[in-house]
Amino acid sequence: MDGASYQRFPKVKIRELKDDYAKFELRDTDASMANALRRVMIAEVPTIAIDLVEIEVNSSVLNDEFIAHRLGLIPLTSERAMSMRFSRDCDACDGDGQCEFCSVEFHLRAKCHSDQTLDVTSKDLYSSDHSVVPVDFVDPAGYDSTDQQRGIIIVKLRRGQELRLRAIARKGIGKDHAKWSPAATVTFMYEPEIHINEDLMESLSLEEKQSWVESSPTKVFDIDPNTGQVYVVDAEAYTYDDEVIKKAEAMGKPGLVEIYAKEDSFIFTVESTGAIKASQLVLNAIEVLKQKLDAVRLSEDTVEADDQFGELGAHMRGG
Amino acid sequence: MADVEFQYLDAGSPVVRERFNFGQFPVMLKTRRCHLQGADSQKLVSLKEEAAEMGGYFILNGLERVFRSVILPKQNYPMSMVRSSFRDRREGYTDKAVVIRCVRKDQSSVTLKLYYLLNGSVRLGFWLQGKEYLLPVGIVLKALVDTNDLEIFNHLTCCYDEKYKKEKGAVGSPLVSERVKIILAEVQDLSLTTRLQCLQHIGEHFQPVIDGLQSESYYAVAETVIRDYIFVHLNDNNDKFNLLIFMLQKLFSLVDHTSVSDNPDSLQNQEILLPGHLITIYLKEKLEDWLRKGKKLIQDEIENNGKKFDFFNLANIKKVMEKNPSKQIGTSIETMLKTGRLATQTGLDLQQRAGYTVQAERLNFLRFISFFRAVHRGASFAGLRTTSVRKLLPESWGFLCPVHTPDGEPCGLLNHMTSTCRVASYYDSRGNIRDFSKMRTSILRVLIGVGMIPSLPKLVKSGPPAVLSVLLDGRVVGVIPSSEIEKVVAHLRRLKVSAASVIPDDLEVGYVPLSLGGAYPGLYLFTSPPKFVRPVRNISLPSEESQNIELIGPFEQVFMEIRCPDGGDGGRRNAFPATHEEIHPTGMLSVVANLTPYSDHNQSPRNMYQCQMAKQTMGFSVQALKFRADQKLYHLQTPQTPIVRTNTYTKYSIDEYPTGTNAIVAVLAYTGYDMEDAMILNKSSVDRGMCHGQIYQTETIDLSDDGNKVDRGQKLFRRNKDAKSLHSVIDSDGLPYVGQMIHPGEPYCSIYDKTTNSWRTNSRKGSESVFVDYVAVDMKNSKNLPQKANIRFRHTRNPIIGDKFSSRHGQKGVCSQLWPDIDMPFSGVTGMRPDLIINPHAFPSRMTIAMLLESVAAKGGSLHGKFMDATPFANSVKKTNGDTGTDESKSLVDELGEMLRTCGFNYHGVEVLYSGVYGTELTCEIFIGPVYYQRLRHMVSDKFQVRSTGTMDQITRQPIKGRKRGGGIRFGEMERDSLLAHGAAYLLHDRLHTCSDYHVADVCSLCGSVLTATFIHPQKRAIREIGGLPPARAPKKVTCHACQTSKGMETVAMPYVFRYLAAELAAMNIKITLQLGDGATA
């Protein structure tokens, strides 16, 4: 490697931020970075999820594995996840999840005594650690708000049926199992650059303009009611579907509009499952990405890398 | 169930009734005798049954057996046939005959055949005790009624009239009179003139053959023959005579080519065998057998004991009768239903003896329901080389589904009834028994009212085209002038649909019009039950009559003008205006075929494949899963309701038993792992529960089953207190813990034998770990300790590589990869990743356009939050309904595309996707949308077969076959050929020899024998072994037993089977001699 530096300084501009939703711009970087960030957010940011279920009594209609699977998919608040240990790396316990460094224990006891069906929900899970609890869903739309918030239904019990179990939640990543993925959706799009050829556009009649504008399934263009000029309302609504370009060609006006994707700016949309806040998800992803890159940097000295990063280092070398 | 038996003694003595117990009778579910009859869904659930239990099957030995309906020739209809096999009957026979299957009121039947002979004469044939009896028809004619030659001549020749010579509908010909003369001459030759003489003649021939009449007079025998074998559906001899005349006329017309033969393979001339009818005739025969046996016993008793036996003492008779076990009758019916096999001497006039019941598999609801809709052509046709019986004929339109038939061996033989098709039975729609004789008299009254000339007292001597004969259930009731006939038919149809009339609504008005050499004309009316019916709309009726749905049968349908939406005018133009109309074009499809969305847009074989696959889908098979002990039950954990569905789906509430998942399907060639019908599943989707499933498998352990009678009750389920290692898997009662996981080879139940004081454990076979789902003990046959246990195991079957999936359009594929979510392509707008990727090559050659439509429709439906109606032929129905012109131009695609567009999606259902690996835009837009996917029951876990070393065959020392036993897969001739072609000699040698029965044999080069080598055991152990060195080949000393020397002994590597072959040949006194030489000289 000679002196040429390819170093860039990516910028992030946050557009919208909610607990479970984030929208931001990522500029001055390329697709590989953007996609790496996306991939890490989906598959490699650690969270906590129920991984081991010991069923004491289950007389419900669902079988044991079904219930265990459902429990696993319940998102748990995982702010602690980054600082926790993977139970396979934990030296404080032998991996059966009894220690506080790598696992959290849950208990569930439910029995239906009435004739009404009893919904066993995530609220019935009692955690040994108050920082790791099932995600509390607050419905912003106020739907069903008259009823008390009941959480995620695990199983329904009729009179006499009972469910009693002990569950151990562990730290994990989405790559191993989707239940550890903190991201519901992470996507990015290239920022579009739209140039309307004004001269050509003026050669169209108002009706033609109207039909051209309407050819886009999303509302990208509009016509100024006063001047009759076509202008871009929302460039980001463009889905790269080429509909307007095709329409222009069909109208015999190729080059009416030119649309490019900016190669170095991206608009990210992040939705979290609630396990961690969307903002934290992005930060954690960057952290994980940094760790991975550190491993690459140190990969010359593999022994050292193994010491420092354990399996991550081995993974980076192509494990 | 106890039955009543009548006994009477002769000569006016009082009738005595005695009760006999005929044993138990299997009860069909939800019939009158069933405790579930009339139970509502709530009660059914409390009885631990399915909420939507429909019944209609038997439970025998814990298995659900359904009756497999079989096609029979249409009853009481004289069918003209041309069959080369008729020629082989006897010398002088032609291939032409008229055949009628006469059916009594109790559904027992006798088939009669009228053969045409080369000399112009006719023989009447019927089967009796495994032999066909052929009577000259003249004798039968004369024996039936008092008549004379002239009358017979006139009757037979009346259908020929000079003036109608070549006119439409003329069936007679001048040759008829010649034939009649021959027929009459035949009788003359036997010097039989009067009826009595004819009867005597018949009686003389049949007296020795008919059981129990050996001592009767000839006259009585002949009367019995006529009653029991000739036109058994008619009671009156005049009717029989008239029918015979009619059949002769039809036969002559067939011979003269004035009418064509009827096709016995066409549904027009067929009906169906129903379970009740078969059981009735089987029961009748069994009862007859029992009576005959009882009679024989009494006779024997009288002969043996002579005077001592008092015949008039009822107690004596009863005592004798007790030797004849009456309970057998119940058991024989039970075995018939259990095995589907008829144990009968006479054959009951049926084509096959076995295969009348099958097990109803509850793989999923669609498979289960198909068992009740299936109609088999008959087992005897399966072996037939010709394909004509399998042909899809236009006559079956609307009755049998053209789509729903398996491909392969039973193709075209195993059909399914359409969703609208029904079978008329002895019960009407309200469940009351119908009175057919009353119906017939009222029909007769109506017919006479509209101008029919009744045949009684004497048949009208005239024939087509002037008049048409009217046959009511195989009885010639009269003639109607052909000018009147159309009006009569229309009148009958009107009466059929009107609720007030006495004419049954399923009366089949088979009007065969006059034609030039077409089917033999006539008006054939059928009321009798086991026939197909389907509803159509009668549009010839004035519209104010609200009731215009008419039930039609396959016989009449052929000659009716039924309009079908989008069927155009069916070539009838204006000459034959449509009188009827199909209710909906989907009525021609079966229940399963009806569920395929937009099936009218698919290539037709794909719809057939879908019908196949719908029946192999893992779905929600049963709701009362907890209370069932089926041997194997497939269960989908989280099924979904399809977004795109036909109206049949809601009509039959398939939501109670859903069979698939709405998966987001992207159509692209992504990694190469979706080549050749492979498909890539998204691993995260599978992690989240897509297509998860279980297999429930029940094992029954019956301790009283094994061992002899002495051992019974000596075995118990009990855990060995001393075997502590078992305690983690087996509970104190000797049975496994519920919820316990059992690994392959682990014991799951422990049995103690009191007599031998020994313990035994049953171990899991197979290669899968299973969970114990449920343990049930059966206390029925034991005093206090359980002797029988049902253990239900649960296999988790989550999708893995190699499992089979399919869409609803015959597009099946095998999962080739569980691909990481992050590597899947994603949509930049929604962030959506597909659950499933299939290859675009799956479409061009298969032309399953409906799948593309489903994807677009489901996408639109899910965006708008509603279910989409995908009923086939909706387009054509809409047009005919005369909707406003604005909608006319809108095609289905436009409608669906518009839905997507309003939500900001591409009109054609494509989306811009980004590579999940690189984050760059994929070069073309990808077709993506939700498609309902089914998981098929074929899973690798049940099929994979691997072996390196393992069990060998004892004799050949070759690897054994069979997956269960850990065997290998045969490397056969064709595989060998391909290796030869590749020149892969070493591999070939490795496969066929080294890995198989490699063997080093000692051969004597002097005598060339492989078999004569004998070992001389070395006295001392080799010294080298002690030194810890690897043992060299033991320096075995071998001598040739034949040559008495070890000089010429050589070792030769050969397949062991070769040695075995030499030994086998030696046993046949054939010696194999090997000539040894080194490679250079050979």
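Analyst: Eight of the nine residues of strand 8 of chain B are buried, so this strand is largely enclosed by the rest of the structure. Buried here means that 20 or more other C-beta atoms lie within 10 Å of a residue's own; 12 or fewer makes a residue exposed, anything in between is partly exposed, and the C-beta atoms are placed from the backbone. Strands (E, at least two residues) and helices (H or I, at least four) are DSSP runs, numbered from the N terminus.

A word on the source: this is a predicted model, in which local features need pLDDT of at least 70 and side-chain atom pairs count only at pLDDT 80 or more, while totals for chains, interfaces and linings use all residues. Residues are numbered from 1 along each chain as its sequence is written, and chains are lettered from A and ligands numbered from 1 in the order in which they are written.

Now to the partners of the strand. Strand 8 (residues 109-117) of chain B pairs with strand 7 (residues 93-103) of chain B in the antiparallel sense, over eight bridges; two strands count as paired if DSSP finds at least two bridges between them. Along this pairing, Val98(B) has Leu114(B) as its bridge partner, and Ala97(B) stands opposite Tyr115(B). The hairpin of strands 7 and 8 of chain B has five residues between the strands, and Gln107(B) there takes a positive phi near 75°.

With strand 9 of chain B, strand 8 of chain B is joined by five bridges, again antiparallel. Tyr115(B) turns up here too, with Arg123(B) in strand 9 of chain B as its bridge partner. Four residues lie between strand 8 and strand 9 of chain B in their hairpin, and Gly120(B) in the turn has a positive phi of about 95°.

An unreviewed UniProt entry gives "domain: RNA polymerase Rpb2" for residues 100-272, 360-423 and 967-1075 of chain B; its positions are given in the numbering used here, feature names are shortened, and annotations may be inferred rather than shown by experiment. In residues 360-423 of chain B, the end C-alpha atoms lie 20 Å apart, and the span is 20% helix and 12% strand.

For another enclosed strand, look at strand 19 (residues 508-512) of chain B: five of its five residues are buried, so strand 19 is largely enclosed by the rest of the structure. Glu508(B), Gly510(B) and Val512(B) cover one side, with Val509(B) and Tyr511(B) on the other. Strand 19 of chain B runs antiparallel to strand 20 (residues 522-526) of chain B, joined by five bridges, and Glu508(B) stands opposite Phe526(B).
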